[in-house]
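The following note sets out numbered points on the model shown below. Please read them alongside the sequence and the coordinates.

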Amino acid sequence: MCHAYAIQAQDIIDPEGNDEEDEEVVAAEDELTITDEQGNEEIIDFPEAMTYDLDSLMSLYMSKTYLSDDADCRTTAENPTFDKQVYIDRLRRLPTVIEMPYNEVVQQFIDRYSGRLRHSVSYMLGACNFYMPIFEEALDAYGLPLELKYLPVIESALNPKAVSRVGATGLWQFMLATGKQYGLEVTSLTDERRDPVKASYAAAHYLKDLYKIFGDWSLVIASYNCGPENINKAIHRAGGKKDYWQIYPYLPRETRGYVPAFIAANYIMTYYSAHGICPMRTKLPAKTDTVVVSRNVHLQQIAAVLDLDVEMLRTLNPAYRRDIVPGLTEPSAIKLNVNDATRFIDLQDSIFNYNTAELLTKRDEVDVNDAPTFVSKKKVRKGRKTTVRRKGTAKRRSSRATRSSRKATARKSKARRTTKKSTSRKRRRR
């Protein structure tokens, strides 16, 4: 199970935000209104992944095919509530490096997860059994607190193909520029922001760089949402204070709820049983292996020869946008069940040659049609000349003809006058 530990019920998901407030209209149910002791109201936007409903999550093939309700444990419709001190004590007992304080904002986010999103939490608990070991391995490799593994819960609701309103993609919701900065390749065929392993290592690297800047994990988490520039501006506006809860009023609306959402995600993924939530059962393979190919191959070629479900292959390899593994561009990894990886090696020639003409349609070489150039029929008709008339041609011809006629008339008149003068001179001489 992906949680740190569970208690019995009776013990009672944009790394690059903008400085300006988002002008997009947000549905009322996707906003959180907090009223302080003086009666002042504050509106906070839920992180986008917290606005997904269960229907959208279950539309994923992975969800429909590889996640199912547990017959021995069913999520109830009722969400029990507890005294404030209970929540404080539970958060205090979490084995974390990052502080998990309680306040009214955190409570509102816990209520969101345990109430309206309780069935989505059930989905994520099932999916996290597949993804959490990947997250933990990457975070541990960079020496980071393992509780950061719950960032994808609030970033993407553990959907590797999630795309935000501003284009952030994958489990860790990388923007294109940041993803490329941390080594994630994006082409027409591949989007490594959707690769769980590569994106997790890129996210761990990015988080470590952010910690070098701020030295405070709450500020790191906030800057992952809105960008370090906005955090620095908020610190400046707060008079140099480097505490998330002190710079809170100067943060973008969604970022004000981002750290509380992270705390709530850690809470609900640990104490879900106390709220009557049961994890869904997963059928995704517990162990996988990879094969590396140096030739282009289509996932349907693999599915057909190995008799596998192509949708399962897509679930295990979400980075390949059009089902084509571009091994010819560079050696590319394909994730398979351990036994299927062995079979792939044994049958790889059959896989590469299967239905290639239909599945891999890009041609390496083409012949140019060397038939005679098409000639208009008007130009080859016997006994007729083609004429091309342009605008103003008739007028120019008429003008030239008129001028020629005038010149001819003038010449004739001059000739007649010359003849008359010559005849007159001859008569005088006589």
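1. Exposure classes used throughout are as follows: a residue is buried under 20% relative accessible area, exposed over 50%, and partly exposed in between (1.4 Å probe, protein chains only). The model is predicted: local features need pLDDT of at least 70, side-chain atom pairs count only at pLDDT 80 or more, and totals for chains, interfaces and linings use all residues. Residues are numbered from 1 along each chain as its sequence is written, and side-chain values use heavy atoms, with hydrogens and water left out.

2. N353 has 57% relative accessibility and therefore counts as exposed. This residue lies in helix α17 (residues 348-353); helices are DSSP runs of H or I with at least four residues, numbered from the N terminus. N353 and Q301, 52 residues apart in sequence, are separated by 8.3 Å in space, C-alpha to C-alpha.

3. Aromatic pairing is assigned to rings of Phe, Tyr and Trp (its six-membered ring) whose centres lie within 6.5 Å; planes under 30 degrees apart count as stacked, over 60 as edge-to-face and the rest as tilted. The count by this rule is 15 aromatic pairs. One of them is the tilted pair of Y87 and Y267, at 5.7 Å centre to centre and 45 degrees between the planes. Y87 belongs to helix α3 (residues 84-93) and Y267 to helix α13 (residues 258-271), so this pair ties together parts that are 180 residues apart in sequence. Y87 and Y267 are both buried. Y244 and W245 form an edge-to-face pair, with 4.8 Å centre to centre and 90 degrees between the planes. Y244 is buried because its relative accessibility is 1%, whereas W245, at 24%, counts as partly exposed.

4. Which residues form one aromatic cluster? They are F82, Y87, Y102, Y267 and Y271. R90 lies over the face of F82, at 4.2 Å from the ring centre; the criterion is that NZ of Lys or CZ of Arg is within 6 Å of the ring centre and within 35 degrees of the ring normal. The charged end of R90 also sits over the ring of Y271, 5.6 Å from its centre.

5. Helix packing is considered next. Axes are lines fitted to C-alpha atoms, for helices over the stretch in contact, and angles run from 0 to 180 degrees between N-to-C directions. Helix α8 (residues 196-214) packs with helix α10 (residues 228-237) at an angle of about 20 degrees, the axes being 12 Å apart. α8 is therefore roughly parallel to α10, a class for angles under 35 degrees. Their crossing is right-handed, meaning that the near helix is turned clockwise from the far one by less than a right angle. Y206, L210 and F214 in α8 meet P228, I231, N232 and I235 in α10, contact being heavy atoms within 4.5 Å.

6. Helix α5 (residues 118-141) and α8 cross at roughly 35 degrees, and their axes come within 9 Å. This crossing of α5 and α8 is right-handed. The residues that meet include Y131, I134 and F135 in α5 and P196, V197 and S200 in α8.

7. T190 lies in the loop between α7 (176-181) and α8 and, at 9% relative accessibility, counts as buried. Leaving aside neighbours within four places in sequence, T190 is in contact with E185, A319, Y320, R321 and P326.

8. A157, in the loop between α6 (151-156) and α7, has a positive phi near 55 degrees although not a glycine; its relative accessible area of 2% makes A157 buried. L158 lies in the loop between α6 and α7, with a positive phi of about 60 degrees, and is not a glycine. L158 counts as buried at 0% relative accessibility.

Terms used: Helices (H or I, at least four residues) and strands (E, at least two) are DSSP runs, numbered from the N terminus. Angles under 35 degrees count as roughly parallel, over 145 as roughly antiparallel, 65 to 115 as roughly perpendicular and the rest as oblique.
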